[in-house]
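Here is the note you asked for, written for someone opening this entry for the first time. The points take the sheet, then the relation of the copies, then the contact.

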There are 2 protein chains.
Amino acid sequence: MGEDHVFLRACRRESTEYTPVWLMRHAGRYMEEYRDIRRKVTFLGLCKSPDLAAEVTLLPVQKLGVDAAIIFGDILLPLEGMGIHLEFAEGRGPLIRNPIREGEDIERLRLIEPEEDVPFLLKAIEIVRRELEGRVPLIGFAGAPFTLASYLIEGGRSNDYSKTKGLMLGFPSWWHRLMEKLAEGTIRYLRAQVNRGAQALQLFDTWVGCLNPGDYEAHVLPYSRRVIQEVGEQVPLIHFSVGTSGFLHLIKKAGGDVIGIDWHMDLGRTWECLGYDVGIQGNLDPSVLLASRQVIEVHVQRVLESAGNCPGHIFNLGHGVLPETPVENVIFMVETVHRLSRR
Amino acid sequence: MGEDHVFLRACRRESTEYTPVWLMRHAGRYMEEYRDIRRKVTFLGLCKSPDLAAEVTLLPVQKLGVDAAIIFGDILLPLEGMGIHLEFAEGRGPLIRNPIREGEDIERLRLIEPEEDVPFLLKAIEIVRRELEGRVPLIGFAGAPFTLASYLIEGGRSNDYSKTKGLMLGFPSWWHRLMEKLAEGTIRYLRAQVNRGAQALQLFDTWVGCLNPGDYEAHVLPYSRRVIQEVGEQVPLIHFSVGTSGFLHLIKKAGGDVIGIDWHMDLGRTWECLGYDVGIQGNLDPSVLLASRQVIEVHVQRVLESAGNCPGHIFNLGHGVLPETPVENVIFMVETVHRLSRR
């Protein structure tokens, strides 16, 4: 049911009547309805309320006309089930007050049991699928092992990820143990989402671009590959990362039906280098949505032309919607992608 | 005099008996002697004292055995001569309290007169050249127009450079005027450095990696190219940027004898794509210098092997030395580059 939707067909690199489009963080602070809900509940409170999370998940489908929904949540949600204390301070991003420092901390990490640890998210998936009635597919998602490890070790975001790299390069057996646990947890988490109704998956390796290609290949790729091999059989998987234009061939080697790219590269050139045996997702610069309609249209056109009508392009931003983005511009962008790409 | 030094020969892609090496920010906070000096004087005070700036410039030559010195300073120093009020708050980077907001602010910017506006830096170049007695060449440097514009508009560093892009995309005639002034100022600044004794130049387009390739080509490349064409005839020029692995072919198109790259790409693959008609500088991950000697040696070896002994490789980090780097590791790295690359 719904398997012939334009988004899922593009994931399978089948030709479509127009280019499907969705946006990372398309349900978020830039939207008035989202801010209204957030006045009543914290970010974690929202994630943990299945009805509210479902409502927020559906907002962009109704309001923007996007071709896919993505379940509302955060890549760090499963960490709580591993025994990590999570905070989301307004405007400062996530904060972990008990970050990992040594082998014992890694041994103490529990493997998650999705039904017990993230029942709210699984319930929200059920609600969204029911409400959507097959109009657009629902994407589930998770953080990739490296990106999760970076939060666990740094305690939040970092400028240089030197603590993460310090553990990776200096304590390879601890690193291996940590990445194994995170890979196993991510597999369980994604499988549970598919079992409850997620029709596609996106694996976010958001911060892996801090690495050099040699270290990615040696210390990260095997764990991402394991996750993708274990869950990518069931539904299409989008493998997304930022700042990896110099080693996207290794990201592809780790796996994924679709490679999600940032905006610091030409989509067409990149796709040609990667080969047309994967789809590609991207890659509008999110800042373009702060500009005029004329500028937006020029940039949308540039991305579409670059993709050259090859089957397997999913239009998206290169990263999340900026909070100061006018919602009218997002609506205009989605409409422009549909209008300009219609064959 | 000194034109046959290994560093300058590598800049000209002549073969050398070993790979020359220097490090961005190799005179800085990680060094005890530097911290001792900084206890007595502010950062700007140090930049503006020719004797102290010369002393700091010479430190890495004496202590690390690097193959080039780079004049001590900051890419933002010439902005003061343009009428901008600069501050360097400890640990927070540069701060501009009167950033550019509109066309009038741009009209008010003065063109610098290096002899009047940065006499201290030119004097320091003279002292360093005299003290060096031709042992190693001295590199001069400047910020590229885009990176300078980003500081002027954002007032400091930024996560998304959305104000800069807003002016670039929304007010193209203001942008053009600003970039013209910055290009002209940068030409004057670099020429003055060469006239006083700089034997090579590095143009830092540190933050240009925030752009997409289309906007780089349309709104930035022409100004960088003008700078490089006007000053690159006299001495070799290294064109450095971060996060541009997806559009290094455009960085090369803007010009430079040597392209300076970050660590998020394989140096050998990148060089092959760019073509061997330019040299390449890089690209060790700075975090590697926080690890053990064994890890450092493996990573140095990897970069050297990747470069494959082609003439025109200058060994460097992919960005500046991290402040927490042990100085012994830097000494070991320089020694390792020399030892492993000796033909």
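1. Two strands are taken to pair if DSSP finds at least two bridges between them, while helices (H or I, at least four residues) and strands (E, at least two) are DSSP runs, numbered from the N terminus. In chain A, seven strands form an open sheet with parallel pairing, in the order β1-β4-β5-β6-β7-β8-β9. Because β1 (69-70) and β9 (313-317) of chain A stand at the edges with a single partner strand each, one side of each is left without a neighbour in the sheet.

2. This is a predicted model, in which local features need pLDDT of at least 70 and side-chain atom pairs count only at pLDDT 80 or more, whereas totals for chains, interfaces and linings use all residues. Residues are numbered from 1 along each chain as its sequence is written, and chains are lettered from A and ligands numbered from 1 in the order in which they are written.

3. Within the sheet, β5 (residues 200-205) and β6 (residues 237-241) of chain A pair in the parallel sense over five bridges, and Asp205(A) has Ser241(A) in β6(A) as its bridge partner.

4. Counting residues as in contact if their C-beta atoms, placed from the backbone, lie within 7 Å, the contact takes 26 residues from chain A and 26 residues from chain B. On the side of chain A that touches chain B, the largest share, five residues, comes from α10(A).

Methods. Two residues are in contact if their C-beta atoms, placed from the backbone, lie within 7 Å.
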